Amino acid sequence: MKRPDTILLAHGGGGRLTQELVREVFLPSLTNPALATLSDSAILEKLPPGRPALTTDAFVVDPPVFPGGDLGYLSVCGTVNDLAVAGARPVALTWALVLEEGLEIALLQTFVEGAARAAAEAGVAIVAGDTKVVPHGKGDRAYVVTAGLGVVPPKRDLGDHRVASGDAVVVSGPLGDHGATVMACRHKLGGEGLRSDCAPLAALAELVLKAGAEVHAMHDPTRGGLATTCHEVASRAGVRIVLEQAAIPVRPQVRSVCELLGLDPLYVACEGRIVLFLPDRDSDRVMKALNGHPLGQGSVRVGSVAAAQAGGAPVVLQTLYNTERPLDLLAGSELPRIC
Amino acid sequence: MSAPSPYGEPQAVAALAERVMKAAERLSRRVTLMEVCGTHTHAIAAAGLRRLLPAKVRLIAGPGCPVCVTPVGYVDRAEALARRPGTIVTTFGDLLRVPSSRGSLERVRGEGADVRIVYSPRDALQIARENPGSTVVFLAVGFETTVPTVAAALAEAESDGVGNFLILSGHKIMPPPMRALARDPEVQVDGYLLPGHVSVITGSNAFAFVAEEFGIPAVVVGFTPTDVLRGVEALVGCLAAGKPEVINLYSRVVRPEGNTTAQALVARFFTTADVVWRGLGSIPGSGLALRPEFAHRDAALLEVEVPEPVEPAGCRCGEVLKGSIDPPECPLFATACTPTSPVGACMVSSEGTCAAWYRHERLATGDAR
Amino acid sequence: MCLAVPMKLIERSEALGVAELDGVRREVSLMLQPDAKLGDYVLVHAGYVIGTVDEEEAQATIELLRQVADARGTW
């Protein structure tokens, strides 16, 4: 009988169809010794010295394939980046899928190949996986849930607890590329220059941490964008962050999408950028290192950390007109508006 | 970062701010200027323009946010339609989180209703084409800028025979509430910044009445910082000279007669109606309803159970919309009513007066205008 | 209710066109501005062209702003 083109409930049943799926769709792209054993758990080689770091993430995206990436590629990058910004060297990932009955297997293939590509770029192995299938109408094509294991080398201490007044805020490239690209797809805006910035950042993070600077904290500004990340940091570190509008890098195409849909680039997601908090004296050195790497082009200092003001806004924007306005925490995700 | 457009160039903005300061010296008293467009509220707050104005010039936001003035009953009916079997509700993003009597469109979507955000009424029409078995209702809110786009979508639906595309009209027009404000003894507005894109459709002539009937100066302006400041400068000049005029400073897109094609299309489908403005009550002739011959396009005629509207207690949105009070004077502001848990619609829409104030003005160091 | 963006009309057919701003393109309806010409700068709101930008007036405004900026503090 001909192989099915779409996912059936039986693919999640554990029987013959499941095995076919694993053998024919997953293994060809995701081959590595741990995964190939197909045992219930992946037993890893001894970890390098340092403290283990563990992260988990869930992914769903509409559209599932977009300029610059797809659900699979995005899921691996996102997980790797959570480890990287914590100062952890990624070691292994797990990759679990909940598929909706009726999903085209060709699309699933795209996700698998995307995940494999991202894993190869990041130098990390996907060592365990799982697949479940839900009936048609009960899932948004596919959900991916991951776990990422990494190791923080000894003596490395990154975190918001180290962010202090006087620190500089640096971003590793223009903002909003991912969110603007995805929104553009949803609302029929096109253009060759629109492309998600989705990328694995482990190597870039290591480069920064080896540049001889005292980096205090790093974050990847995903949902909610730079402004939301700054809110998290300001809250945890008990500081005030001032961003300078004149310095904020936004590509013209991203600016256009935001203008058309009424979005603020400061709140639009990136999937391939790092926000760094570090002593002001080290910012030039770090930006030089970042700008020397393909994924760090356009790195620039965008603001600074100051002491918190009682009753004052934790995150503010110094506008082009030398006025100051608070950047508030979003109520929910940014919605396209017409007003 | 790319250089700002000439309309947002910092040197020009600083120079205009200085000119406004200078012009204000000729004023004998403090004046209150009102803008009546949510997009102006947003743009002014985003650039922190209030901080550049002299103490004698107070700039307030009037009822220019179509989402804020949408009555609770409209959102209740939209929710009921969303729950109706076989119905897809399409809406601009602005309406998704507006509180209804018991929830919001976002909440009812969470319960399984098919509610979809669209950027254009044409996208809603496309959804109707793709789902011939469903009734597709478009929540038609907005002022004169948006009404023609809805009328155009209706025209296309008529000519292409897309029978399952309906609208729930919540459209409103600007001149009647401005007349009501001008007549209201509680409201003291000395000059108006007129909505630039509404004026693209209506023409600047449509606002001549502000000076002619009420002796109040008004300026049609665009949305960049230089546009707004030029408008403020012109209004201050009129007030200092005691010469009420209506001036068009957005001549790059606004013509005296407006867009006559758009006006004709609107007239084909809509007629004026007396409608309720949240906080302001009923204003005669201020709304647009579908003409009777388009009853087949009117979602208001679909049978659904709509509960009695529940207006939130303690909410002073009405006075905020009239410009009688600033948001901080409402007891609910920033306490019970915040962007994450809004009570009145003024807080939900990102450009509603209270939301804009919360986001941009509340914690401005120093003055809290 | 006024979020409208000036874009360049780069393609047009009977009632539809394509408008562009800094590399971003969208199909737009020309039903409200049927006489818009290729190369015109048009005002786009909710997927419709609602008006055209008068190039001369735009230039005049830009020139005015330049003069205002240059004259800063000198009067």
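A crossing of two helices is called left-handed if the near helix is turned anticlockwise from the far one by less than a right angle, and right-handed if it is turned clockwise. In this predicted model, the crossing of H1(B) and H1(C) is left-handed. The points below begin with that pair of helices and then turn to the chains and their domains.

1. Helix H1(B) packs against helix H1 of chain C, residues 55-70, with the two axes 8 Å apart and at an angle of about 70°. Angles of 65 to 115 degrees count as roughly perpendicular, and H1(B) and H1(C) are therefore roughly perpendicular to each other. On the side of H1(B), the residues that make this contact are Gln11(B), Ala12(B), Ala15(B) and Leu16(B), while H1(C) contributes Leu65(C), Val68(C) and Ala69(C). Sorted by class, the contact of H1(B) with H1(C) has six nonpolar residues, one polar residue and no charged residues.

2. The crossing of H1(B) and H10(B) is left-handed. Residues of H1(B) in this contact include Ala12(B) and Leu16(B), and these two also take part in the contact with H1(C). Among the residues they and their neighbours meet in H10(B) are Leu229(B), Val232(B) and Val236(B). By class, the contact of H1(B) with H10(B) comprises 12 nonpolar, two polar and three charged residues.

3. The domains of chain B. The assignment divides chain B into domain 1 (6-28 + 39-55 + 180-248), domain 2 (72-173 + 262-301) and domain 3 (317-360). How far apart are the centres of domain 2 and domain 3 of chain B? Taken over C-alpha atoms, these centres are separated by 25 Å. Seven residues of domain 2 of chain B are in contact with nine residues of domain 3 of chain B. The side of domain 2 that touches domain 3 has three nonpolar, one polar and three charged residues.

4. The contact of chains A and B. Here chain A contributes 25 residues and chain B contributes 38 residues. In chain A, helix H8 (252-261) and strand S14 (324-326) each supply at least two residues of the side that touches chain B. The largest share, three residues, comes from S14(A). This side of chain A has 16 nonpolar, five polar and four charged residues.

5. The overall form of chain A. Chain A has nine helices and 14 strands. Its C-alpha trace spans about 70 × 55 × 35 Å along the principal axes. A compact globule of 339 residues would have a radius of gyration near 20 Å, and the 21 Å of chain A therefore agrees with that expectation.

6. The domains of chain A. Chain A is assigned domain 1 (9-152) and domain 2 (160-326), and 28 Å separate their centres, taken over C-alpha atoms. The contact takes 23 residues from domain 1 of chain A and 22 residues from domain 2 of chain A. On the side of domain 1, H3, strand S4 (89-100) and H4 each supply at least two residues; H3(A) gives the largest share, nine residues. That side of domain 1 divides into 14 nonpolar, six polar and three charged residues.

7. The pairing of H3(A) and H4(A). Helix H3 (residues 71-85) and helix H4 (residues 105-122) of chain A pack at an angle of about 30°, with their axes 6 Å apart. The crossing of H3(A) and H4(A) is right-handed. Among the residues in contact are Gly72(A), Val76(A) and Val80(A) of H3(A), and Gly114(A), Ala115(A) and Ala118(A) of H4(A). The contact of H3(A) with H4(A) has 11 nonpolar, four polar and two charged residues.

Terms used:
Residues are numbered from 1 along each chain as its sequence is written. Chains are lettered from A and ligands numbered from 1 in the order in which they are written. This is a predicted model: local features need pLDDT of at least 70, side-chain atom pairs count only at pLDDT 80 or more; totals for chains, interfaces and linings use all residues. Helices (H or I, at least four residues) and strands (E, at least two) are DSSP runs, numbered from the N terminus. Ala, Val, Leu, Ile, Met, Phe, Trp, Tyr, Cys and Pro count as nonpolar, Asp, Glu, Lys and Arg as charged, and the others, Gly among them, as polar. Axes are lines fitted to C-alpha atoms, for helices over the stretch in contact, and angles run from 0 to 180 degrees between N-to-C directions. Angles under 35 degrees count as roughly parallel, over 145 as roughly antiparallel, 65 to 115 as roughly perpendicular and the rest as oblique. Domain bounds come from an automatic or database domain assignment. The radius of gyration is taken over C-alpha atoms; the globule rule is 2.2 Å times the number of residues to the power 0.38.
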